[in-house]
Amino acid sequence: MLQEFGSFPRTRVLLSEDCGFIWAYSGREIDRLLPNADQDEMRRQARAALAASRSEWKTADRRLGYTRAKKAEEEIAGAEEALAKELWSTAPQSVAGVAVKLHSLLEMEDPRSALQEAPWPELRTILADLVRICAGPNAI
C-alpha cells in the first residue's frame, strides 16, 4: 500500500502563501492547523481532499487485499501465541520434549537463524546436540 501511494492518506494544509504547507493525516489535525473562522473554506477543502485520499486508499486496499491479509496475519499470530503458551506450560517427558521447547524458542525468536551474537549460535548448537542424543548412536 505504501509503495503504491507513497504514504498513508493525507492532505496538504497551506500554512501561508510564504511558509509552504504541512501534511495533515486527520480531521483533527486539519482543525488544529486551520482554527480560525476565516479559514472555513480552506478547512472544508482540506477535509474533502483528505476524504478523497482515504477513498483511494480504501479502493486500493480492497484491490490488493492488505486489510484482509493483515487480519489473517494477526489471527495466525494469536493462534501461534496460544499454542506456544500451551507448549511452555506443558512439562516435558523426555529429552526430545526439551528439544521441542528449545526448537520452538529458536523458531519464534530467530526464525531465519540469522542472529549470530550470543546466545543464538550456542542455543542452536545445544538443540543440535539434543537432537543427536535423541536420535541415538545409530543415527546419521
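Here is a short chat about helix packing and aromatic rings in a predicted model.

Student: Before we start, what kind of model is this, and how are residues numbered?

Tutor: This is a predicted model, where local features need pLDDT of at least 70, side-chain atom pairs count only at pLDDT 80 or more, and totals for chains, interfaces and linings use all residues. Side-chain values use heavy atoms, with hydrogens and water left out, and residues are numbered from 1 along each chain as its sequence is written.

Student: Okay, helices. At what angle do helix 4 and helix 5 pack?

Tutor: Helices here are DSSP runs (H or I, at least four residues; strands are E, at least two), numbered from the N terminus. Axes are lines fitted to C-alpha atoms, for helices over the stretch in contact, and angles run from 0 to 180 degrees between N-to-C directions. Helix 4 covers residues 66-89 and helix 5 covers residues 95-109; their axes are 10 Å apart, and the packing angle is about 150°.

Student: Are helix 4 and helix 5 roughly parallel or roughly antiparallel?

Tutor: The cut-offs are under 35 degrees for roughly parallel, over 145 for roughly antiparallel, 65 to 115 for roughly perpendicular, and oblique for the rest. Their angle is about 150°. Helix 4 and helix 5 are therefore roughly antiparallel.

Student: Which residues of helix 5 make the contact with helix 4?

Tutor: Contact means heavy atoms within 4.5 Å. Helix 4 brings Glu-80, Ala-84, Leu-87 and Trp-88. From helix 5 come Val-100, Lys-101, Ser-104, Leu-105 and Met-108.

Student: Helix 5 also packs on helix 6. How many nonpolar residues does that contact have?

Tutor: The axes of helix 5 and helix 6 (residues 120-135) come within 9 Å and cross at roughly 150°. Among the residues that meet are Leu-102 and Leu-106 in helix 5 and Leu-123 and Leu-127 in helix 6. Ala, Val, Leu, Ile, Met, Phe, Trp, Tyr, Cys and Pro count as nonpolar, Asp, Glu, Lys and Arg as charged, and the others, Gly among them, as polar. By class, the contact has one polar residue, two charged ones and 12 nonpolar ones.

Student: Now the rings. What kind of aromatic pair do Phe-5 and Trp-57 form?

Tutor: Rings of Phe, Tyr and Trp (its six-membered ring) pair if their centres lie within 6.5 Å; planes under 30 degrees apart count as stacked, over 60 as edge-to-face and the rest as tilted. For Phe-5 and Trp-57 the centres are 5.5 Å apart and the planes are at 45°, making the pair tilted.

Student: How many residues apart are Phe-5 and Trp-57?

Tutor: Phe-5 sits in helix 1 (residues 2-5), while Trp-57 sits in helix 3 (residues 40-64). The pair links distant parts of the chain, and the separation is 52 residues.

Student: Is Trp-57 buried or exposed?

Tutor: Buried means under 20% relative accessible area, exposed over 50%, and partly exposed in between (1.4 Å probe, protein chains only). Phe-5 has 28%, so it is partly exposed. Trp-57 has 14% relative accessibility, so it counts as buried.

Student: Which residues form one aromatic cluster?

Tutor: The rings of Phe-8 and Trp-57 also pair, with centres 5.5 Å apart and planes at 40°, so that pair is tilted. Phe-8 lies in the loop between helix 1 and strand 1 (11-16). The one cluster is made of Phe-5, Phe-8 and Trp-57.

Student: Last one: what separates the C-alpha atoms of Tyr-66 and Met-1?

Tutor: Tyr-66 lies in helix 4 and touches Met-1 and Asp-61, not counting residues up to four places away in sequence. Tyr-66 and Met-1 are 65 residues apart along the chain, and their C-alpha atoms are separated by 7.3 Å.
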